[in-house]
Each structure stands twice: as structure tokens, then as C-alpha cells.
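This report examines a single structure through its helices, its ligand site and a selection of individual residues. Please consult the sequence and the coordinates alongside the text.

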Amino acid sequence: MVVNSVLYYLWRNAKECPEKTALSDEQTSITYAEYRKAAVKIASGVIEKFSSGQIKRPVAVLIDRNVLSVLAFMGIACSGNFYVPLDPSMPEERRNTILKELSPLGVLDARDEGKELQTAGYPCIPVKELLQEEILPEKETQVETICSQIIDTDPLYSIFTSGSTGVPKGVLICHRSVVDLVRAFEDAFGFDETSVFGNQAPFDFDVSVKDLYNALYCRGRVEIIPKKKFVMPKLLVEYLAEKEINTIIWAVSAVRIVSDFRTLDEVQTEKPLSLRYVMFSGEVMPVKALNYWMEHYPEVTYVNLYGPTEITCNCTYYVIDRKYEPGDMLPVGKAFKNTRVFLLDGQGNPILEKDKVGEICVEGTGLAAGYWNNPQKTAECFVSCPGSTEYENKIYRTGDMGYYDEEGKLYFAARADSQIKHMGHRIELGEIEAALGGIGFMRAAICFYDQQDEKIICYYQAEGAEDGEELKDLRKQITLELQKKLPKYMWPNRYIRLAELPMSSHGKIDRVKLREWYRNGATGPGSK
Ligand code: AMP
């Protein structure tokens with residue numbers, strides 16, 4: 001069977017299980033037949049209003065935690081184009097930077113409500129409006145023809161992540177990578193039509209891709225969990241029980257919400273929790289948090305998933321098969337089927353021996369097509385495998401360092417650069433530094449991450465007042481400027497002002513010294 005796109009599964013399900021519920025949010029629920037019909041309607045609208053037959057072009061979506069957003073994604077895919085989810089709450093300046101970088105055919109607004117937003121001059125249409133229009137049979141045929149002509153190397157979506165130069169970068173993923181992902185997941189975990197995925201991750205995070213497409217592939221159901229439930233973990237657990245959610249594929253930070261508040265100690269649900277899988281990814285899962293879940297639900301299968309957005313969600317997995325002690329590292333395990341994951345040393349030689357740290361590299365169908373409109377960054381990260389010169393044997397260098405144990409299980413060790421995970425978000429500290437550097441009175445700003453306290457620390461040197469009220473005003477000014485440029489989770493949690501930042505012998509700001517001062521609790525001479 002040739003599967004040319006993920007849409008194959010939408011058509012198949014609409015035919016084979018039309019009445020089965022496909023997607024639900026707090027207000028709406030739709031079947032597979034309705035899902036297909038809505039996607040075709042939206043596709044027809046996109047063709048008429050934006051693309052007039054162009055394919056493989058971006059269409060941005062202002063997302064919400066709702067069914068409408070997913071319908072917009074599928075509609076755009078059915079028009080032969082690719083979708084780019086955008087968080088409407090990000091600062092306008094950042095949204096405009098992304099839109100200019102993207103140059104989309106247009107923007108679909110999938111929000112349930114909200115004031116009109118600036119979209120850098122690109123046309124913006126509410127998804128609801130497209131759904132209201134009746135679709136003529138010839139238009140439906142046009143969409144079906146476009147869908148049948150998609151090939152699996154056509155792009156399906158692009159997700160923007162933080163960029164070290166100050167401009168976010170769009171990771172471009174093709175249909176075949178997602179088809180490969182869901183087949184590998186099915187092979188490893190055996191999801192089926194009884195699987196109910198409790199979606200936690202916002203749609204501009206690739207964690208959500210696993211919910212949407214695993215469900216589509218296995219004829220399952222996605223329950224989009226309202227954001228507010230994650231503020232009240234007790235309500236969250238009740239919701240899992242009420243909606244009979246049995247599979248959760250969440251960011252580590254979300255899984256921790258339940259354990260950090262010891263929610264499972266007290267909560268009594270009317271229905272029993274029907275969990276089969278608790279899967280987590282995105283950062284190191286603290287063993288204490290995992291043990292808490294395992295003590296309360298020992299029969300659940302727990303899985304550590306690893307991988308960056310650039311290789312389509314995950315490339316390795318580890319099914320937790322024993323109790324780990326606090327302080328132990330959890331393995332990230334082994335590669336999914338049809339993916340090769342290996343370690344290279346600084347000279348590009350493979351590492352096979354245990355405990356030796358090297359860069360985690362990935363090869364396979366999951367690799368992104370690259371970064372949208374950014375050949376330089378693409379060439380830097382998607383490289384030819386060292387030693388293979390006879391043909392283009394592309395690999396992705398993750399920038400993650402890892403090592404093997406004596407059984408050949410892979411472990412994540414650390415990042416090789418200044419990318420961090422903070423409150424579940426992937427952040428390039430360089431992007432924060434670039435935003436700070438753009439503030440008129442700022443002479444220089446250096447950021448690093450205090451892993452223990454989970455805080456972004458900023459050392460800076462600035463013109464103007466150094467003490468008292470005036471210093472407070474300066475800090476306020478910094479926050480006001482950052483509000484325009486960066487989402488809140490990227491704002492430094494602590495500022496330390498120095499009259500002069502220390503310089504290394506190479507004439508660069510001495511980051512090592514700053515970290516050392518900070519670690520020793522001294523923060524630096526004359527710091528404010
Ligand atoms: P993202 O592209 O947002 O999924 O972030 C990818 C990065 O998150 C990886 O390159 C790792 O640095 C980190 N990461 C993902 N999964 C894990 C995991 N299971 N354990 C440790 N770090 C992880």
C-alpha cells in the first residue's frame with residue numbers, strides 16, 4: 001500500500017469508521033466523517049481565498065486548545081500546503097518576525113474568541129467562517145485531486161522554535177516523517193482503535209503531533225484537555241477518568257504537575273482511571289516524580305521518549321522496566337524502528353564503548369527537510385555523515401551529548417550549546433541575549449540557566465543609574481522592552497548588574513567566570 005500522505009488515514013477512517021469520535025474538546029466532539037468533511041471545506045476555502053492552486057506553501061494558524069485548530073491543520077494539508085501553528089499570545093513583534101520569515105499565503109484564525117490580531121499584513125480568515133460555507137461537488141473533487149497528488153516528501157507542517165541568533169527558526173516536517181513516526185509507535189506500543197489520547201501539549205509543540213497522528217493512524221480518539229485543568233491537578237485527574245483517557249504523551253513538566261502536588265494521594269474519581277500508557281519527553285524526568293506515579297499506578301506502562309523537533313518528535317524510547325532510585329539517570333533507550341541513532345566524538349568518529357560521551361546523531365526518514373528559508377542553519381545541523389563521501393548520507397546533529405551503558409542503552413548527558421529547557425519550553429539563551437542587546441541602554445547581557453533552581457539568570461552592563469529607585473526603574477524598563485519581544489517564559493528570572501562584565505583573554509565576555517561567581521553565591525564584584 002503506497003501511503004502518499006497522512007491524509008490517507010483521514011480518508012480511510014472516514015470510510016471505515018465514519019461514526020467513530022475522532023476529536024473532542026470541552027465544547028465539541030466530531031466523528032471521522034465530520035473530520036474529513038470539515039477538512040475538505042477548509043481546504044476549499046484556503047484554495048479559493050489564499051492559494052489558487054499553489055501547493056507546498058505555508059499557511060499560518062492562530063491556534064487555540066480546540067478541535068477547530070486541528071481542522072485548520074488538516075484543511076491546509078488537504079489544500080496541498082503546510083500549516084504553521086502560532087501561539088496568539090506571543091508578543092506581536094515576535095509574531096511579525098515569524099510571519100515575515102515565513103511569508104505565508106495567509107493566516108487562519110482558529111481561536112474560539114479573542115480580539116483581532118495584527119498578522120504583518122497577511123490576510124487572516126476565521127476558520128469558523130470557512131466552515132459555514134457550503135461546498136459544491138466540483139470543489140470537493142478539486143480537493144480530492146490535490147490530495148491524491150501529494151507525495152510524501154511534501155511538507156506537512158512547520159514548527160517554530162527559539163533561534164540562537166534572535167530569530168526563531170521553522171523546522172519543516174514532511175508527510176513521510178509523520179507516517180514513519182506513527183508506524184514506529186504502533187510497532188513499539190501497539191496502539192489501537194480503543195486508544196484515547198489525552199492531549200496536553202499546545203499545538204505549536206511537536207509533542208502534540210504524536211496525539212493527533214497516532215490517533216488518526218490507529219483509528220483512536222483525541223481528547224483535547226483544557227489548559228485550566230493543568231492549573232488544578234485534582235481536576236486534571238478527574239478529567240482523565242471522566243473522558244476515559246488511557247494514553248498520555250506529555251511533556252515532563254506536565255507529568256510533574258500531578259506528582260509535584262501529590263495529587264494522586266487525595267483524589268477520588270467516580271470512575272477509575274483507565275491509564276495504559278504514561279509517556280514523557282522534552283527533558284530529563286526526575287526519578288522521584290516517576291516513582292510517585294509508579295507507586296500509585298504500577299500497572300501502567302511508563303515510557304521515556306527522546307528526540308528533538310528536527311527528527312519528528314522522537315527517535316528513541318525506553319520502557320521503564322524496573323524501579324530507579326532518586327538520583328539515577330533514566331535511559332533514553334534505543335532507536336525506534338527504521339531510525340538510526342548513534343554517537344560521534346569531536347572528530348566525527350563513532351563511539352561504541354560504554355560511558356564515553358559523544359554527540360547524539362540521527363539518521364532516517366524522520367529527519368526534517370531543514371529549517372524554512374534558512375539554508376545556512378540547515379547546512380550547519382543537517383550534515384553528511386562523517387566518512388561517507390560517495391553519496392549524500394544525511395544525518396542530524398542534535399547538539400545533545402549522550403553515552404551508552406554496558407547493555408548498550410543510550411543516556412542523555414547534557415547539551416553541547418546554550419539551548420535550555422525551562423518550564424517545558426525549548427529556549428536558545430542567545431535569543432534572550434539578542435532581545436536584551438536590542439534595548440537602547442543595554443551595553444551587554446549574558447544569560448545562563450540555574451538548573452537547580454530552574455531560573456534564567458541574566459548578568460548585564462547598562463548605561464544609567466546604578467542604585468536605588470533609578471535601578472528599579474531600569475529593571476522595569478527592561479521588562480517592558482522584553483514584553484514586546486519575548487514570551488514571558490523567556491524573561492530572565494533574576495538580573496545581576498555589574499559595572500563591567502569580566503573579559504576572557506580572547507577579548508570575549510568571560511561566561512565561565514560569571515557562572516563561577518554565581519555558583520559560589522558571590523554574584524561578582526560590585527554586583528547590584
Ligand atoms: P524539542 O525540540 O522541544 O522537543 O526539544 C528537544 C530537546 O529536548 C532535545 O534535543 C533534548 O535536549 C531535550 N530532550 C528531549 N527529550 C528528552 C529526554 N527524554 N531526556 C532528556 N532530554 C530530552
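The model is a predicted one. Within helix 6, the residues Val 143, Ile 146 and Cys 147 are buried. These three cover an arc of only 100° around the axis, so they are placed on the same side of helix 6. Pro 137, Glu 138, Ser 148 and Gln 149, by contrast, are exposed on the other side of the helix.

Helix 8 comprises residues 207-218. From its first C-alpha to its last, helix 8 reaches 17 Å, close to the 16 Å expected for twelve residues at 1.5 Å a residue. Twelve of the twelve residues of helix 8 are buried, and therefore this helix is largely enclosed by the rest of the structure. Among the buried residues are Lys 210 and Asp 211, together with Val 207, Leu 212, Tyr 213 and Leu 216. Ser 208 and Asn 214 also belong to the buried residues of helix 8. Arg 219 follows helix 8 and has a positive phi, near 65°.

## The ligand site

Which residues are the closest to the ligand? Of the 16 residues that surround the ligand, the closest are Leu 305, Thr 309, Asp 400, Lys 421 and Arg 426. By residue class, the shell around the ligand divides into six nonpolar, four polar and six charged residues. Strand 13 (301-306) and strand 21 (410-415) each supply at least two residues of this shell. Strand 13 gives the most, with three residues.

| Protein residue and atom | Ligand atom | Distance |
|---|---|---|
| Arg 426, polar side-chain atom | oxygen | 2.6 Å |
| Lys 421, N or O atom of the side chain | oxygen | 2.9 Å |
| Gly 282, polar backbone atom | nitrogen | 3.1 Å |

On its own the ligand has 500 Å² of accessible area, of which the protein covers 93%.

## Buried residues and their contacts

Several buried residues can be described together with a partner elsewhere in the chain.

Ser 24 is located in strand 1, which runs over residues 21-24. With a relative accessible area of 6%, Ser 24 is buried. Its side chain is joined to that of Ser 29 by a polar contact of 2.8 Å.

Asn 291 belongs to helix 12, residues 287-296. The relative accessibility of Asn 291 is 6%, so this residue counts as buried. At 2.9 Å, the side chain of Asn 291 reaches the backbone oxygen of Tyr 324.

Leu 99 is part of helix 4, residues 92-102. A relative accessible area of 1% makes Leu 99 buried. Between Leu 99 and Pro 58 there are 9.9 Å in space, C-alpha to C-alpha, and the two are 41 residues apart in sequence.

Leu 343 is found in strand 16, residues 339-344. Leu 343 counts as buried because its relative accessibility is 1%, where buried means under 20%. Its C-alpha is 7.1 Å from that of Gly 402, although Leu 343 and Gly 402 are 59 residues apart in sequence.

Most residues other than glycine have a negative phi. Where in the fold does Ala 120 lie? Ala 120 sits in the loop between strand 5 (107-109) and strand 6 (124-126). Phi of Ala 120 is positive, near 50°, in a residue other than glycine. At 24% relative accessibility, Ala 120 counts as partly exposed.

Glu 454 occupies the loop between strand 24 (442-450) and strand 25 (455-462). The phi of Glu 454 is near 55°, likewise a positive value in a residue other than glycine. Glu 454 has a relative accessibility of 40% and therefore counts as partly exposed.

Technical notes. Residues numbered from 1 in each chain as written. Predicted model: local features only at pLDDT ≥ 70, side-chain atom pairs only at ≥ 80, totals over all residues. Heavy atoms only, no water. Near = heavy atom within 4 Å. Polar contact = N/O pair within 3.5 Å; in protein donor to acceptor, adjacent residues only side chain to side chain. Areas by Shrake-Rupley, 256 points an atom, 1.4 Å probe, with all protein chains shown as cover. Helix = DSSP H or I, 4+ residues; strand = E, 2+ residues; numbered from the N terminus. Nonpolar A, V, L, I, M, F, W, Y, C, P; charged D, E, K, R; others polar. Buried < 20%, exposed > 50% of the residue type's maximum accessible area, 1.4 Å probe, protein only. Arc of directions from axis to C-beta. Expected span 1.5 Å × (residues − 1).
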